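This report goes through selected local features of one model. The sequence and structure come first.

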Amino acid sequence: MSDFKRSSSKTSNSNDLSKSLPNSNKDSRRSTDNEEQQSTDAAAPKKEEANILSKSPVDSDGAAIESAQTAAVTASPLSSKRESTTDNTESDSAAQSSPGNARSSSPKRVSMADTPSRSPRRSIDKNVVADTALETAEQHSTKQCRLEYFRSGTDADCEVHVPRNGEQEGGNVCYKKFRCHRIFLATASAKLEQDVFQNKQWNGILQINGVSPESVEIFLEYIYTFEVTSALVDLRIIGDIYILSTAYNMPELLQTFSKRLKDVDWPLDDIFPAFNLAFQHNLPDLENACVEKILNLAEELKTQSSIMKLQIYAFNYLIQYWMVTEAVATNELIQLLQQYQRENNLNFKNTKQFPHFTKIVKYFSNVLLDAEGLIYVS
């Protein structure tokens, strides 16, 4: 009986629909059915929907209809748009397999895994590093080539003469000669350009007096390579390097030379003259290097006679360094102070340096001044 009721209800419903719809709608339904039969993959969800509707009674309490609607919504192409982003892969594969869902399917989302790797950027960075290394190698090769030009004198068009004894003595002067290139000298500084290029009376010889030949050789090597690499670097010629850098307006020469001094041995009797020069002309690199030596070699340096030749300001800082670090005992510092006063004639009559000397005396609470300005220990 139930099967009979279902078939009768289905027949009555179809008769009612056929009466209410025009012929055109019947034709459209027939064409639609033909299309559904031709595309089996697209019609499969619709057949399942029809079977569900045909098996559920029309006069039921609505539970079967709701389940059928839920199944229809699930099979509908529009449901792919409402799914979460985590199901995009499944909806895309369903859209590709079903022609009816091709238009309504969302575009394929690209995950972070599908993005191009960063290896090209790394390769670019490696190329930049390689280019930098190549450029550094080329610069080194260029400097080496210039240095060879200077040492060999190839195609030289001028000379630099320096007295071997550092001074001219009448007509009997022995010069050390350096074969050079005019263009290198002229481009080193404005002073050299004026001397060797703009001077119309220049005879092709640049004579430098008052400095050692070793310092001039370092000076010329720096002009060719902008570096100080010579084995002639020595603390004893720091004064000559200062003269050359000042005379030809090349402060970078003195700075570079001062940095190179850290790599060589320092004679004890030349440390205080270098410290005096650095303090007097505000050369921080050289001054720091000297202070390091002064603190590390305090026991050896406290007996050096060159301490007495320090200017008053440099001597003041020397006493402070040794006091703070306790590198030298207090009584020995007082003895140095008394000796420095005698050697430099510091009393009330010396109105220029004595006021500053009294500042050093105040570092010691047990040191006083007598009527003539001489210090004594109370």
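## Positive phi in two loops

Asp155 lies in the loop between H7 and strand E1 (158–163). The model is a predicted one. In it, Asp155 has a positive phi of about 55° although it is not a glycine. Most residues other than glycine have a negative phi. Asp155 counts as exposed, its relative accessibility being 63%.

A second case is Asn345, a residue other than glycine with a positive phi near 55°. Asn345 sits in the loop between H17 and H18. With a relative accessibility of 52%, Asn345 is classed as exposed, the cut-off for that class being over 50%.

## Packing of H17 and H18

Two packed helices are described by the angle between their axes and the distance between the axes. For helix H17 (residues 330–343) and helix H18 (residues 354–361), the angle is about 170° and the axes are 11 Å apart. Angles over 145 degrees count as roughly antiparallel, and H17 and H18 are therefore roughly antiparallel to each other.

On the H17 side, the contact is made by Leu337, Tyr340 and Gln341; on the H18 side, by Phe354, Phe357, Ile360 and Val361. Of the residues in this contact, 6 are nonpolar, 1 is polar and none is charged.

## Salt bridges

Side chains of opposite charge can pair when their charged atoms come close. The structure holds 8 salt bridges. One of them joins Lys143 and Glu227, with the closest N and O atoms 3.0 Å apart. Lys143 belongs to helix H7 (residues 119–152) and Glu227 to the loop between helix H10 (213–225) and helix H11 (238–247), so this pair ties together parts that are 84 residues apart in sequence. Lys143 is partly exposed, at a relative accessible area of 27%; Glu227 is also partly exposed, at 33%.

Arg236 and Asp234 form another salt bridge through their side chains, at 2.8 Å from N to O. Arg236 is exposed, with a relative accessible area of 57%. A further salt bridge links Glu332 with Lys302, the closest N and O atoms being 3.0 Å apart. Glu332 is in helix H17, and Lys302 is in the loop between helix H15 (298–301) and helix H16 (312–325), so the pair ties together parts that are 30 residues apart in sequence. Glu332 counts as partly exposed at 26% relative accessibility, whereas Lys302 is buried at a relative accessible area of 18%.

## Thr187

Thr187 is placed in the loop between helix H8 (182–186) and helix H9 (190–198). At 58% relative accessibility, Thr187 is counted as exposed. In sequence, Thr187 and Tyr224 are 37 residues apart; in space, their C-alpha atoms are 9.9 Å apart.

## Confidence

The average pLDDT of the protein chain is 74, and 61% of the residues score at least 70. Over residues 1–107 the pLDDT is below 50, and this stretch has 33 contacts in the model beyond near neighbours in sequence. Residues 109–124 also have a pLDDT below 50, with 3 contacts beyond near neighbours in sequence. Where pLDDT is low, the predicted coordinates should not be read in detail.

Conventions
Residues are numbered from 1 along each chain as its sequence is written. This is a predicted model: local features need pLDDT of at least 70, side-chain atom pairs count only at pLDDT 80 or more; totals for chains, interfaces and linings use all residues. Side-chain values use heavy atoms; hydrogens and water are left out. Axes are lines fitted to C-alpha atoms, for helices over the stretch in contact, and angles run from 0 to 180 degrees between N-to-C directions. Helices (H or I, at least four residues) and strands (E, at least two) are DSSP runs, numbered from the N terminus. Angles under 35 degrees count as roughly parallel, over 145 as roughly antiparallel, 65 to 115 as roughly perpendicular and the rest as oblique. Contact means heavy atoms within 4.5 Å. Ala, Val, Leu, Ile, Met, Phe, Trp, Tyr, Cys and Pro count as nonpolar, Asp, Glu, Lys and Arg as charged, and the others, Gly among them, as polar. A salt bridge is a side-chain nitrogen of Lys or Arg within 4 Å of a carboxyl oxygen of Asp or Glu. Buried means under 20% relative accessible area, exposed over 50%, partly exposed in between (1.4 Å probe, protein chains only). pLDDT is the predictor's confidence in each residue, from 0 to 100.
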